[in-house]
Amino acid sequence: MTSITRTLTLSLSVAATAIFLVTLGIVIWLALARYSVRARCEVAAAILDRATVIQPGVALSIRSTDDVDAFRSGSPNLWYVVSLDGLMTEFGPDRRPTLPFSLPYTGPIGHAVLNTVDQKSFFCLDVVQRGSSQLVMMVGGAEVGFGQFAKAFVLRNLSPIFLLAIAFASTVAAGAFLSARFVARSIERVTRLALAIDPRAPQASISLDEIPVELKPLASALNRAFHEINTYIQRQRRFLGNAAHQLRTPLTLLRAKIEDVTEPALKAELVCDVRRLTSLVSAMLDLARLQDHTIEKRPIDLGALTRDVLADFSPSALDAGVELSLERAPQGSVVVLGVEAAVRSALANLVGNALIHARGAARIVANLGRGSVSISDDGAGFSPAPQLNVIEPFQTGATAKVGHGLGLSIIQEIMTAHAGTLTITSTPGRGTTVCLSFPEAPRERRVIPEPAM
């Protein structure tokens, strides 16, 4: 995946390089246009200086290079004289006019543009130090192209250009870093605003006033997506609640008609089936209510509530030959914040699931901890397939023979609404433990309200 920071930095670097090169070309062109004569002289002298080969006391020559060859071929009236300590080499002597001094020249180090004796043309005089001697170069009729001038200009001003390039690159790098940081922070701001939206109520939207103009299309698209998701969720929840509500009346009528069935075995089977359907409808209604309403939390004595739930299931456990017990109760009461009816429903679902699904269980134990309660059985346990999530609606454990798979889903919704967690551990042959963990109530809110008279 492409990184915005890397792309931005690369784009700015390419653009900055192009701008720098164009600017340098403009500077060179202006220098050539403004100082045309002097510029040609300096370039010609620089070319001859680099190509000069000295054999002390023996010979002086100009070696053939690409610059020298281009210089000679592009200048039909070119002539030059190069001398050092009595040694001299010359090119185009037939084109050289009469000079205002004799050869070889001896004079101060420096650069000058001089007129010939007949005042009809000019020539360049350049004297440079070569060790203990002076290299004298006189050039006339020189024609210098822009490329040669640019090369000579860069070589002559290499240090200033290098320092300027470093300063320019540093400025661009700082600008790219700050720009990338601004973009990253803007995206982080949009991300935080999106994450702040409650997934259970995605009808909220990202405020467009708090983000840059460039990211407003992205935020608008996210708002539109949130709105569509919320519409779909609300439609699904309404359908779930309406379907469950509409099924209640037919089930009640069906159960009344079952009472007229005379065959005992068939009647018992039908009653069991209707009971399961009624339980499924009730579970669907509970799930719809939990998803549609915000929970108002109050202090709950988790220990007392657990004992009540176990007492409610005692007859069913006695019929099934299963022992129910409450163990390891901590000192004092375990107070959590929540809705008593919802927490009671969660505990009832856990105990009911244990009685129904724990094959071979002889004992179901409720353990109270600090802000938590767990229900354990010593049944067969289960090892669900990797793709099976028993918490999802309508999913059941591998050993389940009855049930509709909504119990754990409802418990999960309850725990999510209470900012708590649902943890399931199961070992084949050793049983299953389901733990509900709640945030503990603050000390100032641990007072259990008296029941209404």
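1. Overall figures. Of the 453 residues in the protein, 35% are buried (buried is under 20% relative accessible area, exposed over 50%, partly exposed in between, with a 1.4 Å probe and protein chains only). This is a predicted model: local features need pLDDT of at least 70, side-chain atom pairs count only at pLDDT 80 or more, and totals for chains, interfaces and linings use all residues. Residues are numbered from 1 along each chain as its sequence is written, and side-chain values use heavy atoms, with hydrogens and water left out.

2. Elements and contacts. The protein has ten helices and 14 strands (DSSP runs, numbered from the N terminus: helices are H or I of at least four residues, strands E of at least two). Among contacts with a separation of 6 or more, 61% link residues 24 or more positions apart. Contact here means heavy atoms within 4.5 Å.

3. The five-stranded sheet. The strand order is β4-β3-β7-β6-β5 in an open sheet, and the pairing is antiparallel. Two strands count as paired if DSSP finds at least two bridges between them. β4 (87–91) and β5 (110–115) are the edge strands, each pairing on one side only. From one strand to the next, the twist averages 15 degrees (axes are lines fitted to C-alpha atoms, and angles run from 0 to 180 degrees between N-to-C directions).

4. β5 and β6 (residues 122–130) run antiparallel and are joined by six bridges. A112 has L125 in β6 as its bridge partner.

5. T116. This residue sits in the loop between β5 and β6. Is T116 buried or exposed? T116 is buried, at a relative accessible area of 1%. Its side chain makes a polar contact with the side chain of D118 at 2.5 Å. A polar contact is a pair of N or O atoms within 3.5 Å; within protein, one must be able to donate a hydrogen and the other to accept it, and residues adjacent in sequence count only if both atoms are side-chain atoms. Leaving out residues up to four places away in sequence, T116 touches P97, T98, S121, F122 and F123.

6. T52. Another buried threonine, T52, has 9% relative accessibility. T52 lies in strand β1 (residues 52–55). The T52 side chain reaches the backbone oxygen of L48 at 2.5 Å. Residues up to four places away aside, T52 touches L60, S61, I62, V82, R130 and L135.

7. Helix α3. D67, V68 and F71 are buried in α3 (residues 66–73). They cover an arc of only 95 degrees around the axis, so they lie on the same side of α3. The arc is that of the directions from the helix axis to the C-beta atoms. On the other side of α3, D66 and S73 are exposed.

8. Nonpolar cores. The largest core has 33 residues, of which L302, V351, I411 and L436 touch the most other members. A nonpolar core is a set of buried Ala, Val, Leu, Ile, Met, Phe, Trp, Tyr and Cys residues joined through side-chain atoms within 4.5 Å. Two or more residues each come from α8 (302–320), α9 (340–357), β11 (363–369), β12 (372–377), α10 (407–417) and β14 (431–437). α9 gives the largest share, eight residues. I411 is in contact with A346, N349, L350, L422 and L436, leaving aside neighbours within four places in sequence. A second, separate core of 19 residues includes A45, V68, Y80 and V82.
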